[in-house]
Amino acid sequence: MDFVDQLKSQLDIVDVVGHYVRLKRNGASPRHVGLCPFHTEKTPSFGVHSVHQFYKCFGCDAKGDLIKFVMEIEGTTFWESLKLLSDRYGIPMPPRQRPDDPEARSRDALFEMHEIAARTFEENLNGPAGADARRYLEKRGVSPGASREFRLGLADARGQQLVQRLQRFGPELMEESGLIAKRQESAGFYDRFRNRLIFPIHNESGKVIAFGGRALGQDDQPKYLNSPETKIYRKTFVLYNLHRAKAQARKLDRMILVEGYMDVIGIYQAGIQNVVASCGTSLTNEQVRSIKRQIAQTEANAGHVVVNFDPDAGGARGTERSINLLLAEGLRVNILTLPGDADPDEFIQQQGVDNYRRLADSAPTYFRWLADVARAKFDMQSAEGRVQAFHFLLPSLQRVHDKLERAALVNEVSSYLGIDPQLIREQFRRASPDEGAIRRVAAISSSVPPNERLLLSCILQSEDARSAVLHYLGQGGVPGNLQLKSIFETMLAMRSGGSAFTLATLIDRLHERDQKIVGELTFQDASIDSQSATAQAIHCLKALEIKSIDDQRSILRRRIRDVENEGRLEEALRLADELQKMENERRQKRNGPS
Ligand SMILES: [Zn+2]
């Protein structure tokens, strides 16, 4: 067995996908469903099949086996994905299977360099040179335990430490890592981070991929310096602390979103783990989606995001933008503003974590917050100002998909802003996007005749039925009038070629329409009882054969009539004989042994 087969046989696709997407099992069936990580959706159309070890999205048509899934979601090559799975699940990869791909090798090297850098920074912080930085952390209330868990560190002030430690990787990789920079005026390199408190940034699997550095000297600029983008670090995709936050976020259907590293650490060390920050960028769509992957199950249960940003002007604008991104993905949004405009970590130190939790639990919906922004922004004394305020709120109102919730909000807005609700409803209707525009996925398989559909379902779901039907078709051939003929023929070819049946291989060999049909039938809701699958399949097959003979008989009858009309009696008799044979065959199929 080669390594790919070994991985596939030891891993369960439900686990692998479940690492990234919250899945829900469909009763006792082997089908699991969740929100697709590859496109934006509010009701789950993404299925994972534990028997076929296959995933399929009915919205965007993403599909494949577990390795394909990892390639797509991590953006890695085939070999890198094998390596990632082998590391994550502790299944050692034989050396000769290691990738010979320069791209994968350099990514590997970058991960290794970041790990070396992280350890170097940690040593510095805990060594004699780290006394000042440790005092700073103590003053900010970061416990030694949290400092260890977050792997905080200190960058050496002279700027040559990493240059030396990473030398063996060569100048090209050193520069590519973003950890080392080239001197402008003279030859040589220096460390990008110097005399800074270091916050390692991890990817979703917990590997260090970048750093944020806070200046320690009063005059050092900028206050925060971040790693540049590299092959292993795409800023817009990464959330600080996501790998530690996700377990609790999934349990509670809730994520707290804050601005900075210190906010995350302050909240986390007080025992609230489901907290993340968008680091070094304002919140992006990709980041919102990775939050959603953790907390959302369905539209009705989309999960809550508690936004706890700095209340200053920049923070308010950031909050407004973030709200709209979060709402666009169907998430529920609450805004937490702490009394006295305190930072989360300050607040927790002064008022205790229970008070923080209480405020987070009762944080008002985003809408009340936004209405306050509108009231401050426009002149609420004049009718014109009130209408302006309403127009300011309208885009966010429109993003509320739930009709009842929206109606309640319209009432709330009208009384809060002092505008006639009738006027609001009128404006709203005019500006509303077309409800019907929401895409519904049409099932292609519903156009297939019922007997063919059932036959294919049976042989996809039951191995016994599959082997019985393919054995039978292997002898007599596939009836010529089947709509799904090419699917059955492909399965026959796979069988006679001696390859084991997997859904992934089958799908690979099919045309697009057939791929969709197979995907739909694999994940369909009506499940087939495995006990009776073979009997049902044989029953369908016979009905289809008889139908095929009937079709041929009517063609033949028409021809006989034509030939008779032309006066070619001899030919007519010959065809009549043929018809008779066919009728015998039909009778046999009906009554004879299976
Ligand atoms: Zn999709």
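Predicted model: local features only at pLDDT ≥ 70, side-chain atom pairs only at ≥ 80, totals over all residues.

Two residues are taken to be in contact if their C-beta atoms, placed from the backbone, lie within 7 Å.

Select residues 485–496, which make up helix 22. Its end C-alpha atoms are 16 Å apart, which agrees with the 16 Å that twelve residues should span at 1.5 Å a residue. Within helix 22, colour I487, F488, T490 and M491, which are buried; looking down the axis, you will find the buried residues within an arc of 160°, so they line one face of the helix. An α-helix has 3.6 residues a turn, so residues three or four places apart point the same way. Turn to the face directed away from the buried side of helix 22, and the exposed residues A493 and S496 come into view.

Next, select residues 304–308, the strand 14 run, in which five of the five residues are buried. Here both faces are covered, with H304, V306 and N308 buried on one side and V305 and V307 buried on the other. In a regular strand the side chains alternate between the two faces of the sheet. Show strand 12 (residues 254–258) as well, for it pairs with strand 14 in the parallel sense over five bridges, and V258 has N308 as its bridge partner. Strand 15 (residues 332–335) also pairs with strand 14 in the parallel sense, over four bridges, and there V307 stands opposite I335.

Strand 1 is joined by two bridges to strand 2 (residues 31–34), which runs antiparallel to it; select R25 together with H32, its bridge partner in strand 2.

For the last stop, colour domain 1 (3–97) and domain 2 (102–233), two of the domains into which the protein is divided. Their C-alpha centres lie 33 Å apart, and four residues of domain 1 are in contact with four residues of domain 2. On the domain 1 side, the touching residues comprise one nonpolar, one polar and two charged.

Note on methods
Residues numbered from 1 in each chain as written. Pairing = 2+ DSSP bridges. Domains from an automatic or database assignment. Nonpolar A, V, L, I, M, F, W, Y, C, P; charged D, E, K, R; others polar. Buried ≥ 20, exposed ≤ 12 C-beta atoms within 10 Å, placed from the backbone. Expected span 1.5 Å × (residues − 1). Arc of directions from axis to C-beta.
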